[in-house]
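Here is a short report for a reader new to this structure.

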Amino acid sequence: MGTPADENLLDTKEIDEKSFSSTGQAPPHAHKVGIPPKQNLFNEFKTTIKETFFADEPLRHFKDQTNRRKVVLSIEAIFPILSWSRTYNLKKFRGDLIAGLTIASLCIPQDIGYSKLAHLDPQYGLYSSFVPPLIYAVMGSSRDIAIGPVAVVSLLLGTLLSDEIDYTKHPEEYRRLAFTATFFAGITQAALGIFRLGFLIDFLSHAAIVGFMGGAAITIALQQLKGFLGIKSKNFTTKTDIVSVLHSVFHTAHHGWNWQTILIGASFLCFLLVAKFIGKKNKKYFWVPAIAPLISVVLSTFFVFITRADKQGVDIVRNIEKGINPSSVNQIYFSGEYLVKGFKIGVVAGMIALTEAVAIGRTFATMKDYQIDGNKEMVAMGAMNVVGSMTSCYVATGSFSRSAVNFMAGCQTAVSNIVMSIVVVLTLLFITPLFKYTPNAILAAIIISAVIGLIDIDAAILIWKIDKFDFIACMGAFFGVVFVSVEIGLLIAVSISFAKILLQVTRPRTAILGKIPRTAVYRNTQQYPEATKIPGVLIVRVDSAIYFSNSNYVKERILRWLMDEEEKVKGDYQTKIQFLIVEMSPVTDIDTSGIHAFEELYKSLKKRNIELVLANPGPIVIDKLYASSFADLVGEDKIFLTVADAVAYCSPKMAEEDP
């Protein structure tokens, strides 16, 4: 409730405005729209480049520093470990040691399983959790991210590579193409960081990623049915879509399933799911789901060994090659037809891996309230994959499940990745022979339990509530992966994301404004039904920059608003529309096509005896309006700072024309 004094003040203000309107003058507080000072072409170009590529001012730390200090800062920028290691202490190492041992127990069984998704021998998964994490620990800026192979990238790589080479008939060529793709994935990631093009990965929307990840999780789980059910049929489909996989599964139901394998897989899958439930229910027991996969591997391997279940048809891992990563520099294709194929696959895999890693890094950085440099992350990811491709690794990135365990285990720095790498290399040197009797069913169960978390139903529901078009993108990516293939699902995700951008650019929102009672504020009449329209005046707001892609639409939409209002005026016997005010504060920019569209709008309005009035154009827009002489065409006296000033100008004009 307003006080009597407030009401008297408002009444006085309204009387003052009316008195000025009757004399045909604007209120004394009205200001003209300011014209910014002219910028020369070089400064304008420099500002644009800076805001596009250097918005975070990466060189701000070098200001007012000595040359020696600048050299030190440059080295630390490339190798952040040199910066934070100065304050490293025993307390931090204790947290990193526990976290590193915990994620190592999770990563070893996962790596063996994920390498099968990529159609590579088990040791290559372990190799990828040895060298890349060491490189990242030196160059990365995230304290929490855990590096290694991940399910989605392994599946994507395996699918794309197998489309080019049959991994069963030509395993050596397949492996060489995998290293080539990993090399170019690293080059792509590093190039994005060096040239500060990280914003490109933001074109893949969150909704599309949610759908793609969910579809990939279903596909990965379906692919594990072969190992989970003990199917040995050589005719089992190599396709990833749900129809082909289920057809192969049920086609082999009478003669291809092995009940001992199913018993092992189902028992340990239940154990893994219960462990995961315990970890979710009580955060203190985060270590339960973390060590459950390793416990499952140990118990199932021991069980198969003492019962010799492998003689009863239970498929086992058999031999995992012992020893650390051999060099693979001479196996990368640097010429020939496979060079181009490796490049294409590497770019796709590198972008998906980078998208996942940056999202994970940002999530945990926010939770701990510190900043990560996206471009440095890209360079670090690129470097670790380039080096990895030369040391028998395939594409590695940040793993969400391992990073979550790393975070909850109390990691302090990237040293947890170093601890994990040491455990993995010890495993490669001494323990791999013990995995000989590990059943493939347990690896399938571990992968199924891991990918279930990628299906984010809550996120999909939230997307539906917030934006229906985003939900279409989400479902398009999901069904594309599940019913066609991983690459088609990815293509759909990217296409719908771009389609949304194009739709928003080509079809910007416009709104009719009305006056909020007892104020000088003008707002969207749909959002504020109590807002009243000014008789004889139509106020339209354009909520976007006006470019060649949408200029015609903006002009036509404004004219449609005008026609709609004129029809209402005729039906209600109201004052005919005499003024069109375009509120331009949301219009951040305008190009030549936009100016031409406004010139055509001006001519159309002139034929109808309607005056065009502009309100609050921004600095870039007003500069271009004057440069094109459109401001002179409309009249400088018809460009106002606020909608209220524009309405004050129109009111006396209508009073003079009113008979």
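In this predicted model, helix 8 (residues 151–164) packs with helix 15 (residues 337–368) at an angle of about 170°. Their axes lie 10 Å apart. Helix 8 is therefore roughly antiparallel to helix 15, since angles over 145 degrees count that way.

Which residues of helix 8 meet helix 15? They are Val-152, Val-153, Leu-156, Leu-157, Leu-160, Leu-161 and Glu-164. On the helix 15 side, the partners are Lys-341, Ile-345, Val-348, Ala-349, Ile-352, Ala-353 and Glu-356. By class, this contact has 11 nonpolar, no polar and 3 charged residues.

**The whole protein**

The protein has 27 helices and 8 strands. Its C-alpha trace spans about 105 × 70 × 60 Å along the principal axes. Of its 659 residues, 50% count as buried. Among contacts with a separation of 6 or more, 81% come from residues 24 or more positions apart.

**A buried glycine**

Gly-230 sits in the loop between helix 11 (225–229) and helix 12 (242–251). Is Gly-230 buried or exposed? Its relative accessible area is 9%, so Gly-230 is buried. Leaving aside neighbours within four places in sequence, Gly-230 is in contact with Leu-225, Gly-256, Asn-258 and Thr-261. The C-alpha atoms of Gly-230 and Ile-262 are 6.9 Å apart, although 32 residues separate the two along the chain.

**Salt bridges**

Side chains of opposite charge can pair when their charged atoms come close. How many salt bridges does a search of the whole structure find? The search finds 15, including these:

| Salt bridge | N to O distance |
|---|---|
| Arg-86 with Glu-76 | 2.5 Å |
| Asp-543 with Arg-541 | 2.7 Å |
| Arg-608 with Glu-566 | 3.7 Å |

Take the Arg-86 pair, formed with Glu-76. Arg-86 lies in the loop between helix 4 (81–84) and helix 5 (90–117), while Glu-76 lies in helix 3 (residues 67–78). Arg-86 is exposed at 55% relative accessibility, whereas Glu-76 is buried at 10%.

In the second pair, Asp-543 is partly exposed, with a relative accessible area of 30%. Arg-541 is buried, at 17%.

Arg-608 forms its salt bridge with Glu-566. Arg-608 is in the loop between helix 24 (592–607) and strand 7 (611–615), and Glu-566 is in helix 23 (residues 551–572), so the pair ties together parts 42 residues apart in sequence. Arg-608 counts as partly exposed, at 28% relative accessibility.

Conventions. Residues are numbered from 1 along each chain as its sequence is written. This is a predicted model: local features need pLDDT of at least 70, side-chain atom pairs count only at pLDDT 80 or more; totals for chains, interfaces and linings use all residues. Side-chain values use heavy atoms; hydrogens and water are left out. Axes are lines fitted to C-alpha atoms, for helices over the stretch in contact, and angles run from 0 to 180 degrees between N-to-C directions. Helices (H or I, at least four residues) and strands (E, at least two) are DSSP runs, numbered from the N terminus. Angles under 35 degrees count as roughly parallel, over 145 as roughly antiparallel, 65 to 115 as roughly perpendicular and the rest as oblique. Contact means heavy atoms within 4.5 Å. Ala, Val, Leu, Ile, Met, Phe, Trp, Tyr, Cys and Pro count as nonpolar, Asp, Glu, Lys and Arg as charged, and the others, Gly among them, as polar. Buried means under 20% relative accessible area, exposed over 50%, partly exposed in between (1.4 Å probe, protein chains only). A salt bridge is a side-chain nitrogen of Lys or Arg within 4 Å of a carboxyl oxygen of Asp or Glu.
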